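Dear colleague,

Please find below the structure that I am handing over to you.

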Amino acid sequence: MGRNPVVRELEAMPRPLALHQITAMEASPEELVSIAAAVGCDRVCIFVYSPAAGISFPVVTRATKAAFLGRLRGEGVGVANLEYFPITAETDLDAYRAPLELGAELGACLAVTHVHDAEEDRAADTLGRFADLAAECGLAIGLEFMGLSPGCNSLARAVRLIDRIDRPNAGIAVDALHLVRTGGTPAEVAALAPAYFAYSQICDGHGLAPSSDYLPEALDRVMPGEGDFPLLALIEALPEATALDVEVPSVRLAADGVPALERARRAVVAARRLIESARLTR
């Protein structure tokens with residue numbers, strides 16, 4: 001397969017680090033940008049489309065575009081990923097065009113997708129057409145596998161789907177939580193060619209047991225290095241050019257009154273400590 005265009009764009013940047021919106025769920029997207037700048041992150045991962053029932057994500061809209069762009073320019077921060085565009089049996093890709101176009105206008109690199117459609121032929125067809133739609137907007141796509149999405153619930157299945165659609169702008173997202181909960185290992189990551197990877201997300205958690213039902217944990221993670229996940233091995237398994245996101249929502253710390261800025265600072269400091277100690281080999 002061809003080299004991921006996102007990897008090419010970021011090769012000149014030493015381990016760029018983006019701050020994910022769910023690390024600071026109570027912050028507006030504009031506030032997230034300022035928090036990212038304050039904690040030394042180059043980019044942010046934002047929502048321009050929020051399909052999840054029962055979970056309200058802060059979303060950048062046409063109405064807030066100008067203010068958001070102004071904050072990006074003022075803080076010297078860019079946009080990495082756009083969240084998130086699920087593939088289901090009923091997905092109407094036309095509904096994704098406007099938010100993808102908005103994200104592209106904000107300078108984003110990539111759109112995140114999860115595959116919930118367990119019928120693989122149909123899922124692959126929709127995923128391929130989604131990649132084509134993203135390409136029309138100048139975006140790559142990152143396929144995030146997780147135990148919560150039956151159509152792509154392992155690293156191996158993500159590889160199979162990426163191989164099936166064979167699009168040059170499509171790659172795999174490796175979230176540390178989802179890798180562990182789906183029974184994956186850093187060794188499996190290291191065995192894949194660099195072109196497969198779109199980005200990776202850093203967080204930690206307790207225990208290594210696989211699970212297909214861990215949504216509460218996904219919204220309440222542990223600071224990097226404070227849990228049991230093999231984060232150093234994961235960072236070392238990834239190609240050096242892989243962009244990294246800090247995605248560490250903490251319901252517990254928020255409930256204890258720790259403000260979003262301080263939670264983000266702790267998460268980024270811990271992530272950078274791991275990154276700096278990693279021995280990068282590819």
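The notes that follow cover a pair of helices and then the aromatic rings.

Please bear in mind that this is a predicted model.

The first topic is the packing of two helices. Helix H2 spans residues 29–38 and helix H3 spans residues 65–75; their axes come within 9 Å and cross at roughly 10 degrees. Angles under 35 degrees count as roughly parallel, and H2 and H3 are therefore described as roughly parallel to each other. On the H2 side, the residues in contact are Pro 29, Glu 30, Glu 31, Val 33, Ser 34 and Ala 37, and they meet Ala 67, Phe 68, Arg 71, Leu 72 and Glu 75 of H3. Sorted by class, this contact comprises six nonpolar residues, one polar residue and four charged residues.

The second topic is the aromatic rings. Across the whole structure, seven aromatic pairs are found. One of them joins Phe 57 and Tyr 84 edge-to-face, with 6.5 Å from centre to centre and 90 degrees between the planes. Phe 57 lies in the loop between strand S2 and H3, while Tyr 84 lies in the loop between strand S3 and helix H4, 27 residues apart. Phe 57 is buried, at a relative accessible area of 13%, and Tyr 84 also counts as buried, at 13%.

Phe 85 and Tyr 96 have ring centres 5.1 Å apart and planes at 75 degrees, so this pair is edge-to-face. Phe 85 is in the loop between S3 and H4, and Tyr 96 is in helix H4, eleven residues apart. Both Phe 85 and Tyr 96 are buried. Ring pairs also link these two residues with Tyr 49 and Phe 130 into a cluster.

Yours sincerely

Methods
Residues are numbered from 1 along each chain as its sequence is written. This is a predicted model: local features need pLDDT of at least 70, side-chain atom pairs count only at pLDDT 80 or more; totals for chains, interfaces and linings use all residues. Side-chain values use heavy atoms; hydrogens and water are left out. Axes are lines fitted to C-alpha atoms, for helices over the stretch in contact, and angles run from 0 to 180 degrees between N-to-C directions. Helices (H or I, at least four residues) and strands (E, at least two) are DSSP runs, numbered from the N terminus. Angles under 35 degrees count as roughly parallel, over 145 as roughly antiparallel, 65 to 115 as roughly perpendicular and the rest as oblique. Contact means heavy atoms within 4.5 Å. Ala, Val, Leu, Ile, Met, Phe, Trp, Tyr, Cys and Pro count as nonpolar, Asp, Glu, Lys and Arg as charged, and the others, Gly among them, as polar. Rings of Phe, Tyr and Trp (its six-membered ring) pair if their centres lie within 6.5 Å; planes under 30 degrees apart count as stacked, over 60 as edge-to-face and the rest as tilted. Buried means under 20% relative accessible area, exposed over 50%, partly exposed in between (1.4 Å probe, protein chains only).
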